[in-house]
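Please work through the exercises below with the sequence and the structure side by side, and try each task before reading its solution.

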Amino acid sequence: TQELLDKTILSPDGKRILAVYHKPTDLQSEFRLDMYSQDGKLLRKITAETMAVHFPDTILWSPDSSTVAFVAMVRGVNVESGDAPIDSGTGGAR
């Protein structure tokens, strides 16, 4: 899958990096978020496939680097127009 890196955000202690990225099929206002170690090892996928980060310029590490704050919504909702979520065809909750 092709992923396009939008920006990285270094934690205040310099030990972790957030990668803010998107896929070409994502809505223009939707982003994904993963956490990496300082040596580039993936530590954690922050956003699930159904979660979309919005307003990437507001992503913020806590001063002690223990937590990250960001705004997220269900993927497929156009924030600007208020559209309902796009039906993925999965047939409901499991």
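The exercises that follow concern a predicted model, and they go from the sheet to single residues and then to charged pairs.

**Exercise 1. Describe the open sheet: in which order do its strands lie, and which are the edge strands?**

Step 1. Begin with the order, which runs β1-β2-β3-β4 across an open sheet of four strands, with antiparallel pairing.
Step 2. Then look for strands that pair on one side only, and you find β1, residues 4-10, and β4, residues 42-45, which are the edge strands.
Step 3. Finally consider how the strands are turned: on average, and ignoring direction, neighbouring strands of this sheet make an angle of 25° with each other.

**Exercise 2. Follow strand β2 to its partners, and find over how many bridges β2 pairs with β1 and with β3.**

**Exercise 3. Decide whether S37 is buried or exposed, and list what S37 touches beyond its neighbours in sequence.**

Step 1. The relative accessibility of S37 is 12%, and a residue counts as buried under 20%, so S37 is buried.
Step 2. Leaving aside residues up to four places away in sequence, S37 is in contact with K15, I17 and L43.

**Exercise 4. Work out the surroundings of V20: is this residue buried or exposed, and which residues does V20 touch?**

Step 1. V20 sits in strand β2, and its relative accessibility of 1% makes V20 a buried residue.
Step 2. When residues up to four places away in sequence are not counted, the contacts of V20 are L5, D6, K7, I9, F31, R32, L33, P56 and I59.
Step 3. As a check on distance, compare V20 with M35: the two are 15 residues apart in sequence, while their C-alpha atoms are 9.1 Å apart in space.

**Exercise 5. Trace the salt bridges of R32, and state where the partners lie.**

Step 1. Of the structure as a whole, note that it holds six salt bridges.
Step 2. One partner of R32 is D26, with 2.7 Å between the closest N and O atoms; R32 is buried at a relative accessible area of 5%, and D26 is buried too, at 11%.
Step 3. R32 also forms a salt bridge with E49, where the closest N and O atoms are 3.0 Å apart. This pair links distant parts of the chain, since R32 is in strand β3 and E49 is in the loop between β4 and β5 (51-54), 17 residues away.

**Exercise 6. Explain what the salt bridge of D34 and K45 ties together, and say how exposed each residue is.**

Step 1. The side chains of D34 and K45 form a salt bridge at 3.0 Å from N to O.
Step 2. Because D34 is in strand β3 and K45 is in strand β4, the pair ties together parts that lie 11 residues apart in sequence.
Step 3. The two ends can be set side by side: D34 is buried with a relative accessible area of 2%, whereas K45, at 48%, is partly exposed.
Step 4. Elsewhere, salt bridges that share partners join D26, E30, R32, E49 and R75 into one network.

**Exercise 7. Find where E30 lies, and identify what its side chain reaches.**

Step 1. E30 is in the loop between β2 and β3, and with a relative accessible area of 2% E30 is buried.
Step 2. The side chain of E30 makes a polar contact of 3.2 Å with the side chain of R75, and at 2.6 Å it reaches the backbone nitrogen of G76.
Step 3. For a further landmark, take P56, which is 26 residues from E30 in sequence and 8.8 Å from E30 in space, C-alpha to C-alpha.

Terms used
Residues numbered from 1 in each chain as written. Predicted model: local features only at pLDDT ≥ 70, side-chain atom pairs only at ≥ 80, totals over all residues. Heavy atoms only, no water. Pairing = 2+ DSSP bridges. Helix = DSSP H or I, 4+ residues; strand = E, 2+ residues; numbered from the N terminus. Axes fitted to C-alpha atoms, helices over the stretch in contact; angles between N-to-C directions. Buried < 20%, exposed > 50% of the residue type's maximum accessible area, 1.4 Å probe, protein only. Contact = heavy atoms within 4.5 Å. Salt bridge = Lys/Arg side-chain N within 4 Å of Asp/Glu carboxyl O. Polar contact = N/O pair within 3.5 Å; in protein donor to acceptor, adjacent residues only side chain to side chain.
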